Every structure is written in C-alpha cells, then in structure tokens.
Amino acid sequence: MAANCRTGADANASVECALVADIESIQDHWGAVLGPDYRPADTVFFAGTVQTGCGGATSGSGPFYCPADEQVYIDLSFFDDLQTRFGAAGGAFVNAYVLAHEYGHHVQHLLGTSRLVAPAGTGPASGTVRLELQADCYAGTWANHAESVPDDSGAPLIADVTDDDIDRALDTAGRIGDDFIQTELGGGTVDQDAFTHGSSEQRRQWFSTGYATGDPAQCDTFDTDALG
C-alpha cells in the first residue's frame, strides 16, 4: 500500500494513502518524543480474519495492538462500522484517532506500562481501563502536534486539524465508551464491573487532556485520583 502513496495528493484521494500518512505522522511523533527508545511498529490491514503473534482474531475484535509481534491490526471495515453501527460522524481524522490510540498501546508496551497491568481485568478503575484511557490521551497528544510533524521534504504530513476534526474524534470516543456500547448495542443496561475501555465521558476527557496539553506526562491515568 505504501508504495502507491507518495504525495499529499495521494493521501487526499485515497483512504488507504491517508492512513499511511497518519501512521507515518504518528510514528514520527513518537520517535521524536521517545528518541532511541522508540521502535517502529507495522500496521497490518486485514479482511475478516488474521493470525497474529497474539493468536487468531476476526474483524469483530475491532482494531487492536499485539505486543507479542509489536504490530497494529485493523480491518478497514471498522471505519464503516463506526458510522453504520455506532452512529459516529466518521471522517479522515476519526480514522487517524483510531490508529493513534492503537499506537498509544505500542508506546505503553515500549515503556513497560502494559506489563504492570494484570491481564483481563475489568471494572471502572481496573488497570485495563486505565491503559485504554491512557492510549486515548496519547492519541490526543499526537493530535496536538499533528500539524507540525514533517514528512521527508519538511512539509507537514497532516495539515489543518480543524475544530470539526476534534469534535468528530470526541464524538467517536463517546460512542466507543463501555456505557454507550452496553446501552445502545448491548442489553440496554450499564454494568460497570464489565468495563474494559472506560465510559464515554472518560474517553472524551482523556483524549481532550492529551490534545489540550500535548504532553504525555499529563496522561497518567494510573494516578489513584486520576479517574475521579
């Protein structure tokens, strides 16, 4: 895919090329933040099913990061699902937010944060939820800097992040909160003990924190008082 995506015009004309530009921007940003501690991670686009270092997965899993092989996986149909199933406004910047969230998990893996969290924990204050909210915050910090991350020619990879772009990202964050999914796409009642990603309000809050500050140090969702 990347071989066919060489210019900004390519990114404007093709969803796939726009995603390539997003991924390059996200990784260049974290490379600048973490320096030699950053290792690039590939994104694997798949359809239907995929085998990963973490085992098999389907498109129903949604986008995810596999620490065993340090790769991000996404079925591009997920972006359509956001609009058709979740009712999100969607758009190019929403796609970038989703990818930036998954690369936030890669950053957590590189920093060792993920290894401090017990696997499969659930609940509103669980380590699992805190990891997800931190990844939202990390996505926000990238969004803050997105217009200044240059390509090889020195021109910005991402131009003109607008208020509408941010509003659409926040709309999406709200629609993939545990409480929204449980009430709108599940049984209709909220079970906080089953939370794995955080509430809609929390997801919007932490993306906003990252975007407002641009500082990963402000993304400490593991502070005992951070989640309220």
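**Exercise 1. Find how β1 and β5 pair, and over how many bridges.**

Solution. β1 and β5 run parallel and are joined by five bridges. Two strands count as paired if DSSP finds at least two bridges between them. Strands are DSSP runs of E with at least two residues, and helices are runs of H or I with at least four, numbered from the N terminus. Within this pair, Asp42 stands opposite Gln71 in β5.

The model is predicted: local features need pLDDT of at least 70, side-chain atom pairs count only at pLDDT 80 or more, and totals for chains, interfaces and linings use all residues. Residues are numbered from 1 along each chain as its sequence is written, and side-chain values use heavy atoms, without hydrogens and water.

**Exercise 2. Work out the strand order of the sheet and name its edges.**

Solution. Start with the other partner of β5. β4 and β5 (residues 71-75) run antiparallel and share three bridges. Here Cys66 stands opposite Gln71. Now join the pairs. The open sheet has three strands in the order β1-β5-β4, with mixed pairing. β1 (42-46) and β4 (64-66) each have a single partner strand, so one side of each lacks a neighbour in the sheet. Last, look at the turn. The hairpin of β4 and β5 has four residues between the strands, and Glu70 there takes a positive phi near 55 degrees.

**Exercise 3. Are the residues of β5 buried or exposed?**

Solution. Five of the five residues of β5 are buried. Buried means under 20% relative accessible area, exposed over 50%, and partly exposed in between (1.4 Å probe, protein chains only). Next, sort by face. In a regular strand, side chains alternate between the two faces of the sheet. Gln71, Tyr73 and Asp75 lie on one side of β5, Val72 and Ile74 on the other, and all are buried.

**Exercise 4. Describe how α4 and α5 cross.**

Solution. The axes of α4 (residues 92-111) and α5 (residues 127-145) come within 7 Å and cross at roughly 115 degrees. Axes are lines fitted to C-alpha atoms, for helices over the stretch in contact; angles run from 0 to 180 degrees between N-to-C directions. Contact means heavy atoms within 4.5 Å. Residues in this contact include Phe93 and Leu111 of α4, and Leu131 and Trp142 of α5.

**Exercise 5. Locate Gln182 and list its contacts.**

Solution. Gln182 sits in helix α7 (residues 178-185). Gln182 is buried, at 14% relative accessible area. Leaving aside neighbours within four places in sequence, Gln182 contacts Gly187, Gly188, Thr189, Val190, Asp191, Ala194 and Phe195.
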